[in-house]
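These are my notes from a first reading, set down in the order in which I looked things up. I begin with a term and then turn to single residues, sheets and the whole.

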Amino acid sequence: MDLRGALKQHFGYDEFRPLQEQIINDALAGRDVFALMPTGGGKSLCFQLPALLRNGLTIVVSPLIALMKDQVDALKTSGIPSTFLNSSLDRHEAAERFRGLNHGQYRLLYVAPERLMLDRFLEGALNWNISQFAIDEAHCISEWGHDFRPEYRQLAKLRTHLPDVPIMALTATATERVRIDIVKQLKLRDAQCYVASFNRPNLTYRVEGKTSAYAQLLEFVRSRPNDSGIVYCASRKTAETLTKKLSEDGISAKPYHAGLEAKERSRHQDAFLRDDVRVITATIAFGMGINKPNVRFVVHYDLPKNIESYYQETGRAGRDGLPSDCVLLFSAGDVVKQNRFIAEKTGHEQEIAQAQLREMVHYAETRECRRATLLKYFGEDYPNASCDACDNCLNPRETFDGTLPAQKFLSCVYRIHAKHGFGFGLKHVLDVLLGEETESVRQRGHNELSTFGIGTDLSRQAWQALGRELLRLGLIATSSDKFATLSLTDTGLTALRERTSITLTKPYHVDLAQKRGRKKRAGEIECDEVLFEKLRVVRRSLADARGVPAYVIFSDASLREMARELPTTLDEFGEISGVGQQKLRDFGKAFTDAIANYAATNAP
């Protein structure tokens with residue numbers, strides 16, 4: 001079977017991305033498959049191309065009904081017969097689609113898990129010659145995942161109801177524990193498991209110390225006047241406040257959070273997807289499965305709860321492979337807020353949340369390559385010394401000889417532990433260092449320790465940062481219980497006794513709006529920028545006429561290639577990445593005419 005010919009014909013690409021071809025071959029052979037591929041890695045193609053190359057219907061389980069229409073519109077624009085069934089349809093529309101399904105008119109059907117698992121729905125589906133189930137966002141089935149959804153648990157019954165239909169499970173983020181749980185819950189049989197690299201080379205990662213948060217955000221957004229992006233917030237109130245401020249400052253923005261009416265959320269999301277709104281200020285309620293490929297930046301205005309969420313949310317930037325920015329605004333105050341939320345949890349749930357937060361803080365404060373730190377969390381080694389695309393590699397943090405303050409901190413932890421035989425939490429250690437005569441300090445006689453008040457030369461915030469760095473360096477350890485008590489490790493005890501030299505990191509401030517360096521960024525496509533903007537206007541006109549988002553016509557990457565290669569004939573246009581046969585027929589003339597007119601009026 002000519003897979004590459006089919007890839008070019010239907011989707012306009014000459015080459016498969018890593019693992020796609022192997023996954024597609026397994027799917028066509030009728031095997032169960034588990035695929036973990038980063039956002040923008042081409043998961044959808046893994047079930048869409050097989051659906052075109054065999055008889056029968058592929059049912060795609062998707063958790064967000066708001067996105068199904070755009071996904072189906074994109075397929076239809078490429079000439080692929082597909083549909084969706086969800087609560088947005090009226091009775092007549094749904095009946096018409098059921099008739100089409102019964103007559104075998106579609107190759108792909110998108111449906112939410114709760115609808116699929118209704119008994120009457122499954123009974124009707126027996127008539128549709130189902131060739132495969134594709135479970136998108138499969139991590140939702142695992143309680144160990146960062147976005148567990150109870151309705152996904154029902155999918156375990158698919159194996160009982162339709163035992164002979166192969167299942168493909170797909171996700172962009174899952175630790176090894178979650179991967180194992182997905183395979184178990186879905187009862188995958190001898191599943192081929194594919195795990196792509198978590199590395200997104202076109203993304204630049206930066207962490208900015210929070211000083212004047214809104215001013216920092218506004219400066220950053222204004223420095224990218226033609227780019228759209230997402231600003232993630234910890235609360236609905238913050239999302240609303242940021243929208244109001246950005247709008248007053250001339251930035252088109254809308255909020256997205258669970259407190260809005262469903263119709264209003266959908267309107268705001270559609271406006272963003274169609275480029276009518278440049279910035280979405282959102283809580284974590286926004287984003288799963290977001291198909292918009294030209295999100296050029298993701299800013300975390302507040303600290304995420306865990307690395308998985310952070311990775312998935314940053315992954316919504318640059319799905320088209322073009323350079324994009326991921327910025328995290330970080331302050332010690334955010335850590336305190338998160339700890340307050342965690343304190344409301346109990347038992348094992350609290351321990352997991354604390355461990356996840358520690359990993360997140362470690363990422364925010366590390367002076368090592370951020371890309372390497374992220375990949376290490378997911379069990380992947382980054383082979384290069386520098387990624388040239390994170391703040392720590394582009395602008396290495398200054399260090400200093402921190403032996404004296406580190407000795408004070410280690411000594412204080414040691415003295416407290418020696419007095420009782422057990423440790424205390426970070427706040428208590430800081431109280432002793434700073435000479436704070438709190439009730440807890442007096443009750444335990446810690447105001448009589450030799451280390452009481454020896455740290456008044458530094459602020460509490462500086463000691464907090466120092467303590468977290470000693471934790472990262474492995475000189476102290478924290479218990480996994482809810483009290484998170486501190487103790488010296490063997491390495492820390494040796495450093496204390498032998499007065500080992502300890503290098504620490506200076507706090508720093510990076511200009512968020514800094515211009516990109518001259519070095520070419522991964523994924524960058526240099527082209528005629530004036531023509532690129534003109535082609536965006538052509539694309540928008542075609543999209544509005546069809547009532548679809550602009551990216552459904554062509555991605556920014558395809559437009560930039562057009563603005564570089566200047567195709568003026570249909571044959572030349574057909575060579576552009578992303579131009580399949582249907583799009584060549586439908587849009588070729590509009591774009592080649594625009595390019596020819598531009599070339600004629602701008603001839604040297």
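Predicted model: local features only at pLDDT ≥ 70, side-chain atom pairs only at ≥ 80, totals over all residues.

Residues are numbered from 1 along each chain as its sequence is written, and side-chain values use heavy atoms, with hydrogens and water left out.

**Entry: Ser62**

I looked up where Ser62 sits and found it in the loop between strand 2 (57-61) and helix 4 (65-77); helices (H or I, at least four residues) and strands (E, at least two) are DSSP runs, numbered from the N terminus. Taking contact as heavy atoms within 4.5 Å, and not counting residues up to four places away in sequence, I listed what Ser62 touches: Met68, Gln71, Tyr110, Val111, Ala112, Pro113 and Tyr152.

I then followed an open sheet of seven strands, which has the order 3-4-2-5-6-1-7 and parallel pairing; two strands pair if DSSP finds at least two bridges between them. Its edges are strand 3 (82-85) and strand 7 (192-195), each of which pairs on one side only. From one strand to the next the twist averages 15 degrees, where axes are lines fitted to C-alpha atoms, for helices over the stretch in contact, and angles run from 0 to 180 degrees between N-to-C directions.

I found an open sheet of six strands in the order 8-13-12-9-11-10, with parallel pairing. Strand 8 (203-209) and strand 10 (253-256) are its edge strands, each pairing on one side only, and the twist averages 20 degrees from one strand to the next. Strand 10 runs parallel to strand 11 (residues 279-282), with four bridges between them, and Lys254 stands opposite Ile280 in strand 11. Helix 12 (residues 236-248) packs on this sheet and touches strand 9 (228-232), strand 10 and strand 11, its direction making about 175 degrees with that of strand 10.

**Entry: Leu217**

Leu217 lies in helix 11 (residues 213-222), and it counts as buried because its relative accessibility is 0%. Leaving aside residues up to four places away in sequence, I listed its contacts as Val231, Leu242, Leu246, Val299 and Tyr301.

**Entry: helix 1**

In helix 1 (residues 3-11) I found Leu3, Ala6, Leu7, Lys8, His10 and Phe11 buried, and these residues pack against helix 2 (20-28), helix 3 (45-53) and helix 28 (581-601). Gly12 follows helix 1, and its phi is positive, near 80 degrees.

**Entry: cysteines**

How many disulfides does the structure hold? I found zero, with a disulfide taken as a pair of cysteine sulfur atoms within 2.5 Å. For Cys326, which is in no disulfide, the nearest cysteine sulfur is that of Cys387, 11 Å away. Cys369 is also in no disulfide, and its nearest cysteine sulfur, again that of Cys387, is 3.7 Å away. Cys326 is buried, with a relative accessible area of 0%, and Cys369 is buried at 10%.

**Entry: the whole protein**

Last, I noted that the protein has 28 helices and 17 strands, and that 54% of its 604 residues count as buried. Among contacts between residues at least 6 apart in sequence, 74% join residues at least 24 apart. The C-alpha atoms fill a box of roughly 85 × 70 × 45 Å along the principal axes.

How values were computed: Buried < 20%, exposed > 50% of the residue type's maximum accessible area, 1.4 Å probe, protein only.
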